[in-house]
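Let's walk through this one together, a question at a time. Here is what we'll be looking at.

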Amino acid sequence: MATTAVGQPLSRVDARRKVTGTATYSAEHRVEGLLYGVIVNGTVARGTVSRISVDAALGHPGVLHVLTDFGGLRLAHPVDRIAFYGQPIAVVVAETLEAATHGASLVEATYERQDAVTDFDAPDIPSQTPADEPDYSRGDPAGALASAQVKVDLELTSARENHNPIELPSTIARWQDGRLTLWDKSQWSQGAARTVAGALGIAVGDVRVHNEFLGGGFGSGIQTYDHVILAAFTAREVDRPVKVVLTRRQFYYGTGFRPASRHRMALGSSMAGRVSALVYEARIENARYQTYTDGLTDLPQFLYGVPNTRTAYRVTPVDVHSPCSMRGPGVVLGNFALETAMDQLAHELAVDPVELRLRNEPTQDEVSQLPFSTRKLRECYETAARRFGWSRRQAKPGSRTDGDLLIGMGMATASYHNNRRDCSARARIHADGTAEVFAASADMGPGTTTSVMQVSADALGLPASAVTFRLGDSSYPTAPLHAAATTMASVGSAAHTTCNALKAEFIRRAVADPDSPLHGANPADVQVRDGRLETSGARDSYRDILRRAGLPSLDITGNWGPGDADSKISTYGYGAVFAEVSVDPLLGLVRVRRIFAAYDVGRVISPKLAHSQAIGGMVGGIGMALLEGTVTDHRDGRIINASLADYLVPVNADITDLDAAFINTEDPQADPIGVKGLGEITIVGVAPAIGNAVFNATGKRLTDLPIRPEALL
């Protein structure tokens with residue numbers, strides 16, 4: 001069957017609803033009898049609440065309840081003491097948001113403070129080796145580094161970053177007959193249902209979570225935080241539906257963040273540019289009550305063919321909220337350290353940065369000793385370098401100017417593991433010939449609703465306009481979290497498998513039905529196009545098969561999972577990112593002039609959506625490189641810049657010429673639709689490419705993110 005929807009640059013099927021305001025986000029659902037809850041946050045980093053006064057709040061007009069006892073809840077952190085600044089200590093409930101907000105300001109608390117440390121660089125704070133990130137070594141890294149002809153040894157840092165999607169964390173909770181319904185800004189509805197059920201001590205089957213529309217996430221909605229559980233708890237306590245929406249400031253306190261990090265990256269090389277040794281040591285901030293890790297060491301271990309490699313990952317527990325995933329979690333920071341050091345090594349060797357990377361291409365995954373499913377990284381370098389105009393780069397730093405500005409070019413490699421997880425889907429064809437596909441996935445912005453529809457339409461042999469993909473409901477078939485570049489490979493493969501099974505069932509019914517024009521035909525010879533089943537000039541249709549059977553619809557639930565594929569192949573996405581910057585040497589200001597990247601991410605389902613993903617990742621990378629950094633007052637753990645007035649993110653004026661291309665390749669060994677994850681890789685490589693371009697412009701090797709003007713003065 002010819003592909004008709006996959007590969008087409010279709011517009012998002014929900015675009016009109018979003019731009020006209022008819023898409024309903026979590027906080028916008030109309031629920032009868034709704035009350036408003038506002039969380040009161042603690043103002044110490046460590047201690048206990050010795051006294052809390054709620055009389056003034058209860059005396060305010062419109063305030064109905066103030067809840068302060070959370071002892072029956074099972075939260076990620078202790079409930080009998082304060083573990084981080086901003087931890088909820090009360091919920092004020094009122095008839096209006098205004099009354100609840102003012103009532104919350106009237107709650108007064110006194111504390112028994114304990115000595116707290118919120119700075120993970122403070123002296124005498126012990127670090128730990130996390131159980132799931134043990135030290136790794138191959139060969140003789142120490143010996144190889146000591147004997148290397150050329151050495152690079154860099155210390156690098158990155159600031160904490162906070163998520164800033166447009167939509168704030170928001171939850172509506174309603175109880176009916178002992179069952180809980182949540183409308184929640186979640187990237188994982190079924191995970192949220194399990195967490196809330198566990199926190200409240202109820203059955204998971206008694207919780208249903210709706211999350212059809214999300215206004216961005218970037219990892220902030222993977223975990224289920226206090227505000228969701230407290231909304232459910234409060235609604236049960238007051239016996240009315242309750243809405244809780246965090247303010248932007250509470251967002252910084254009430255959810256996780258990309259942890260600040262410290263790195264040492266050492267490379268040893270021959271004069272010919274063959275890297276023989278790599279030593280990478282990384283450390284991130286952590287909470288005392290919970291250990292968080294991510295993929296910091298993945299690319300340093302894997303990306304290049306370095307025979308002698310050692311990595312060590314440490315976490316430093318302090319009195320802060322627990323970090324969480326943020327776009328490109330861990331990988332983006334480990335890659336920054338690696339690609340900055342590779343650029344410095346290329347400079348010291350007087351070798352082109354692309355050529356140095358090509359000289360160190362591995363022939364297999366040296367960590368797992370497995371063959372690559374696909375690795376089109378050479379093609380990525382060639383395509384991106386040609387279209388970017390890399391040949392015009394001047395190798396000597398500071399040699400290219402534009403008036404008073406210094407101009408530089410830099411590049412970096414990008415990669416990300418191709419994550420796939422078990423997933424289920426339900427496909428249904430109706431008597432009118434239209435189809436629906438269901439899975440409990442989410443769509444925080446990449447266009448999942450559209451891309452899974454495209455895969456489903458082709459599998460069913462229907463036009464795209466006849467197929468709808470339904471997501472955003474925990475009662476739908478099981479799907480993994482909407483994160484880690486997992487969704488298309490997992491949900492798309494489940495939809496593809498299930499839709500093909502449903503198509504096969506229709507074919508089976510047609511060839512077995514004496515009244516069908518296809519009766520007695522070989523099922524393998526039947527093709528389906530536009531809902532019509534055809535072979536040797538005979539035709540039937542989905543509509544007619546259902547009509548003859550007297551059925552309003554026919555559906556099938558199917559499953560797909562990667563099985564043991566990861567024990568046989570190494571499957572990653574790859575990319576090459578090129579950036580050009582200008583630097584004002586008098587002001588220290590860096591402006592990104594243009595970025596171009598080429599990616600090997602398997603089969604591209606929707607070129608328009610893929611390009612949009614790439615541009616979004618580049619914007620996030622610009623923020624990481626030049627703007628974003630959370631500032632903490634270490635006297636009490638308060639976040640100083642917890643607002644969009646003070647926390648800098650890229651705006652339109654920061655974004656100029658961003659573009660991307662995709663290498664024509666598929667990865668059929670990884671999954672049946674041949675895709676590799678795209679959402680995370682597009683931010684990986686951007687920050688080091690910009691930093692390397694700044695070095696090319698100025699000759700200053702900057703190793704701290706974000707790059708600040710004062711570092712260039």
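Q: How many salt bridges does a search of the whole structure find?
A: This is a predicted model, where local features need pLDDT of at least 70, side-chain atom pairs count only at pLDDT 80 or more, and totals for chains, interfaces and linings use all residues. Residues are numbered from 1 along each chain as its sequence is written, and side-chain values use heavy atoms, with hydrogens and water left out. A salt bridge here is a side-chain nitrogen of Lys or Arg within 4 Å of a carboxyl oxygen of Asp or Glu. Searching the whole structure turns up 38.

Q: Which residue meets Arg-288 in a salt bridge?
A: Arg-288 sits in the loop between strand 13 (275–287) and helix 8 (298–302), with helices (H or I, at least four residues) and strands (E, at least two) being DSSP runs numbered from the N terminus. Its partner is 31 residues away, in the loop between strand 14 (308–318) and helix 9 (331–349). The N to O distance is 2.7 Å, and the partner is Asp-319.

Q: Is Asp-319 buried or exposed?
A: Buried means under 20% relative accessible area, exposed over 50%, and partly exposed in between (1.4 Å probe, protein chains only). Arg-288, at 43%, counts as partly exposed. Asp-319 has a relative accessible area of 3%, so it is buried.

Q: Which helix holds both Glu-505 and Arg-509?
A: The side chains of these two, Glu-505 and Arg-509, meet in a salt bridge at 2.9 Å, N to O. Glu-505 is buried at 18% relative accessibility, while Arg-509 is partly exposed at 29%. They lie four residues apart, about one turn, in helix 13 (residues 487–512).

Q: How many residues apart in sequence are Asp-513 and Arg-548?
A: Asp-513 forms a salt bridge with Arg-548, with the closest N and O atoms 2.8 Å apart. Asp-513 lies in the loop between helix 13 and strand 20 (527–529) and Arg-548 in helix 14 (residues 542–549), so the pair ties together parts separated by 35 residues.

Q: Which residue follows helix 5?
A: This residue has a positive phi, near 75°. It is Gly-201.
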